[in-house]
Amino acid sequence: MSTTTITHDEEHHDHPTGIMRWLTTTNHKDIGTMYLTFSLIMFLVGGAMVLGIRAELFQPGLQLMKPEFYNQLIGVHALIMIFSALMPAATGFANWMIPLQIGAPDMALPRLNNWGFWLLPPSAILLTLPFTLALFGIGDGAIATGWTFYPPLSVQGGIGVDFAIFAVHLLGISSVMGSINIIVTLFNMRAPGMTLMKMPMFAWGWLITAFLLVATIPVLAGAVTMLLTDRHFGTHFFSAAGGGDPIMFQHLFWFFGHPEVYILLLPVWGFIPQILQTFSRKPMYGYKAQVYSLWAIGALSVVVWAHHFFTAGMPVPALLYFMYSTMAISLPLAVLFFCWIKTMWRGSMTFETPMLFAVGWIILFGIGGLTGLVLADVAADAQYHNSYFVVAHFHYTLFAGGIMGIMAGVYYWLPKMTGHMYNEKLGKVHFWLTAIAFNMTFIPQFFLGLAGMPRRIPDYAIQFTEFNEISTIAAFALGFSQLLFVYNIVMCVKGGKKATDKVWEGAVGLEWTLSSPPPYHSFTEQPTVN
Amino acid sequence: MLMQSIKKTGLGLLLIIAVPAFADYSWSFPEPATPMALDTLHVHNEFMQITTAIFVVVLAIMIYSIFAHRKSKSYVAHVDQPLTKKSEIFWTLVPFAILLSIDFIIMGIPAYKSVIMMEDTRNDSNMVIKITGSQWRWQYEYLGAAEANIKGESAEDKQVLNDAKGIKFVSNLTTTQDEMDNKAPKGEHYLLEVDNKLVLPVGKKVRILMTSADVLHNWWVPQFGSSRVAVPGFIRETWVQILKPGTYRGQCKELCGKGHGYMPVVVEGVSMQEYQKWVVAKKEEIAKAAEIKEMTKDELVTAGKGVYEKNCAVCHQVTGAGLPPAFPALTGSKVANGPIFGADGKYLKDSHLDRVLNGKGVMPSWKAVLTDNEIAEVITYERNALGNSVGDLLQPAQVKSARQ
Amino acid sequence: MASHLENQYFVPHGSIYPSILSVGLLTMASGFIFSVAIDKSKDLAYLQSPGKWMMILGAVITTAMVFKWMGAVITESLTNKYKGWEDKSFRIGMITFICSEVAFFMAFFGTLFYMRIISIPDLAGYDADITPYKNFLATWPSQGPGGIVLGNEFKVNAGMEFMKPWGLAAINTGLLLTSGATITWAHWALIKNNRTQLILGMFATVALGIAFLACQAVEYHEAYTHMGLTLGSGAYGATFFMLTGFHGFHVTLGTIMLIVILIRCMKGHFTPEHHFGFEGVAWYWHFVDVVWLGLFIFVYWL
Ligand code: HEA
Ligand code: HEA
Ligand code: CUA
Ligand SMILES: [Cu+2]
């Protein structure tokens, strides 16, 4: 049975063109493209900021900037990388691929989808505008509290904090709308015959991500709203004088913040197995086990938040509870690791760029995860906490686990999206440069942290010099390697060898049954799955 | 291609390890100086070994697979057979049992012990101090011996610890701005040196009460293995017990504003005899500083310059120009040039003295930090230097009465 | 052909409303910041009035776009663009949205519980010789111990009164519970295609919603003018106004939506089979109702 699945008004052939097309579009591929483009641009912006940070840290002493500006850079770097680079990238893939993968005509709520994207540029403006305003003497620059907004520092801060609060509000609305859309699409738009347990893993990853977003983003919104009223309307949520507690903000923030790190990675844990199975030419191992693990991770993620502030003081039972529950997350992740490797095991592997990234990703994310496990130990965390050890941990998970995972996805799906092959050689060079420079940047930071270098400082004691120098040089190499990535994408969009429909020899899934690039309206005939 | 690249990675990694190997570098925590740090180091090492082992196993399997099971070696994909019910159960339970025991037994039990140890601040503690973080300096206050009698503690020791009660001072960074701006060579303890060290007797368990005057700070000395957030309005606790005499350095590690990188902790562990000497000397010094002096304007201004540069220049700058809009200029400031006392002889609200004593917004309250002399000095200095010339002066006695 | 159409999913045309809506929100947010920034810096005083205008402009744009957008949805609904498939999307979407609203209120309830169970007992529980709060007791309701916060002194207002459950609040509980019943009555009427009862039921619901808001306005007025209870009254004031304020805001939105639905009922937009708009708003109204019960129990009563 196959039926026409899409209605559009008669005049649908004259889509608006130019900017109006993008402003008004309800097409999931257009919107996906906008998300991905936005993400790439913001990745460069956030990266450019961090190059400033690394340059300042090249040597002890204040070279380039004042400490207050340094503090602004780290917070905005983090907010941009997380909210404007990594999350939109995952949402971009969701928009592009979920309808294709589940055989849907489009996303379920197309206009809402458009809104979800168009909330992002305003929020990026709110995040970066204070820098510009400061140049004109208005205010004292962007948020200078790091990305975590901890009061009382954020109550004390200037208008940059207000801008960041509203940026978070817009980003929050965007994420919740995006999540609603994805949940509805996955529950209501699957092709006949595609039961939940037949959904592609990417769809599963996103479904759980969307649940987490719906459950936690509003809590963040509530927390920053209370911050706003503490700042301007005389409430005492976060001050002891009125019976409040600054640490309460940390509870609220990390109730969102910890699930957030899995929100960032669940989509990646979704498509990495798909890439592995494609290039191993062998069906994914342990589909069910993986789905259950994703669920377990999602569920555990909302009950472990306090491991981010063990040193803030908590009763012993609470410390023990949060320590053990955090450690428990290693169990589902162990299952995932096992399934990924088992998928490769005795396959017939080739190592095109997506596969290189996927394999490199497993190793590097493994380092990030295992160091995370060590952080969960309360007593040792007194040492690790807020040291560069933590910085290294979360770049292994965020950059290697997040951004490099996304890169694997980009190389994997780019031929499908553009209809052209990217430059394979360049892609491989990009991988190796990234992998090497990345390790050179962040391995030294583990040792810096152990030796006692705190994070978020613009200047440091002499004994930390050498490792910081290596890290800085490597960070620049890492940054400039990304230009290859940009170049490769641009060239691929512009032209290049035609891609076949299936693109990869071992590819499985509905998205590969469509032409490359897929037609504007993906499935005019809804496929059935058996 | 792959082999080559792996060789390159290896070389790169070697490079990372080789370069700093020339420098005298630590690859783990710095040498522990307290039982807590010793325990932490032990736990850290154990966990690192476990995770490294896991990592190596996972990596080895993967690398084997990458090299063996590739298409270019014409390896044909093998189809995984579904497991029988029995072997499925076996293959689920066994790894889970291993993982659970790693998490909750091999790692969980030592971790449990250290948590209990870390949080036990009261039992067997000999003395108590209170640490207050403020932007951007630490204040230390000695609260004397702990109440309970500890087995094996001599009465003299207890007396000495009790004598320290009432000692209270502020510890400021002494690294100069020129060193930070690369205009002067950096000293050996660049950024980790202070005017007043916290002095603690070796071997005594010190219960530390931690609080803050403004934003969150975190008192941390890596060699002590203890760190605790200072929360304004709340009291948090931790403890240290220094095992060996020496100077230990650390830093504030909770982002606390622009001076966060400039808030070092320096602790000196000394023997009981030296501690006793220090207590006597410090008490004298404090008594002397608190003595209300009658000073001339010139004396006040000269002394005020030092106080200003140590405490105020971070925000208002050495020249008094401030960093508007965040930190107002004092040069030409209405407050610093306005009247201090009203007709009734009481100091005015929002006057110079009010602002310095009580602070406002980001401007800290200096009541608890500076002595009457120092406040009089710095105010007189601000009114008659930094481009201001009000011409009047403020006497310490006036500050003293204003405090009441 | 007919069976064909039944399986079609409606993908609306490009629409400019969402992006203008975002611009409206951006304008409103920046305007808000400029108009309150004065609190933090005297140098920005000149931004206050442009800020206010920006805020108003932004609010106008936002409201206009929401109405335009919803108008487009209504038109599409009336021209039979939506069938069972789309309807189901809306349902799942609405449920998910309400879940996110629940999470939003969880943040404030969490705050309330945290203060009651953790921070206030903590503050009151220090050893007598080290505590800065000598006579502070862990009771609820509480204004906190008082003290200096970032240079501003907070004084506990000894003459302040706390809210009592068995006054206006109980009446309000009655009003909202009744409105929950009337909207259900209206729904039954709609299903039975009884227009008079439907409109009557909807009308009663709207009236009850407005009555609720009026009572709350009186209560707030009382609090500020006679009881000395304000947003700045420590833990109790902050949580009280935050929770009831956001709830009241949701009631306001709900009432506006109910009015729209009432008008649509009068115009005969809904059929017994096809009335997602009605149901969506009814769900929302029930959600607001349930939140109120939580408020009544934990804010006013216990
Ligand atoms: C995508 C991002 C991401 C991910 C996936 C993770 C994953 C994990 N993180 Fe991480 N983390 C961050 C991002 C992330 N983190 C960020 C951004 C911060 C700092 C925020 C800030 O302060 O600014 C942080 C900080 C942070 C802290 C606080 C440190 C501190 O400030 O003191 C802790 C403490 O417990 C922690 C723990 C963990 C754990 C246990 C995992 C686990 O999920 C890891 C699980 C994975 C594995 C364990 C490896 C794979 C498993 C095997 C190979 C099987 C065998 C293993 C065993 C049985 C041991 N993280
Ligand atoms: C997804 C998240 C993400 C990503 C991808 C990154 C990427 C990077 N991060 Fe970031 N980082 C965070 C999330 C992330 N970070 C977070 C959450 C924090 C904590 C903040 C806080 O303390 O609150 C942090 C903090 C942080 C610090 C600590 C600062 C401090 O505590 O003082 C450092 C220091 O080295 C650092 C370095 C880097 C580097 C070198 C990269 C590199 O990987 C970046 C490489 C990419 C580029 C460099 C882009 C390439 C661009 C160009 C070559 C220029 C071209 C420019 C234009 C065309 C405009 N990061
Ligand atoms: Cu004090 Cu950082
Ligand atoms: Cu976490």
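1. The model is predicted: local features need pLDDT of at least 70, side-chain atom pairs count only at pLDDT 80 or more, and totals for chains, interfaces and linings use all residues. Residues are numbered from 1 along each chain as written, chains are lettered from A and ligands numbered from 1 in written order, and side-chain values use heavy atoms, without hydrogens and water.

2. Three histidines hold the copper ion (ligand 4): A:His258 through ND1, A:His307 through NE2 and A:His308 through NE2, at 1.8 to 2.1 Å. Donors here are N, O and S atoms within 2.8 Å of the metal (3.2 Å for Na, K and Ca); water is not among the atoms, so the site may look incomplete. Along the chain the donors follow H-x48-H-H. The iron atom of ligand 1 is 4.4 Å from the copper ion (ligand 4).

3. A:His258 counts as buried because its relative accessibility is 4%. A:His307 is buried too, at 13%. Buried means under 20% relative accessible area, exposed over 50%, partly exposed in between (1.4 Å probe, protein chains only).

4. Turn to the interface. Chain B puts 15 residues in contact with 15 residues of chain C; contact means heavy atoms within 4.5 Å. About 1100 Å² is buried between chain B and chain C, 53% of it on carbon and sulfur atoms. That area is the accessible area (1.4 Å probe) lost on putting two parts together, summed over both.

5. One salt bridge is counted between chain B and chain C. B:Arg122 pairs with C:Asp127, the closest N and O atoms being 3.2 Å apart. The criterion is a side-chain nitrogen of Lys or Arg within 4 Å of a carboxyl oxygen of Asp or Glu.
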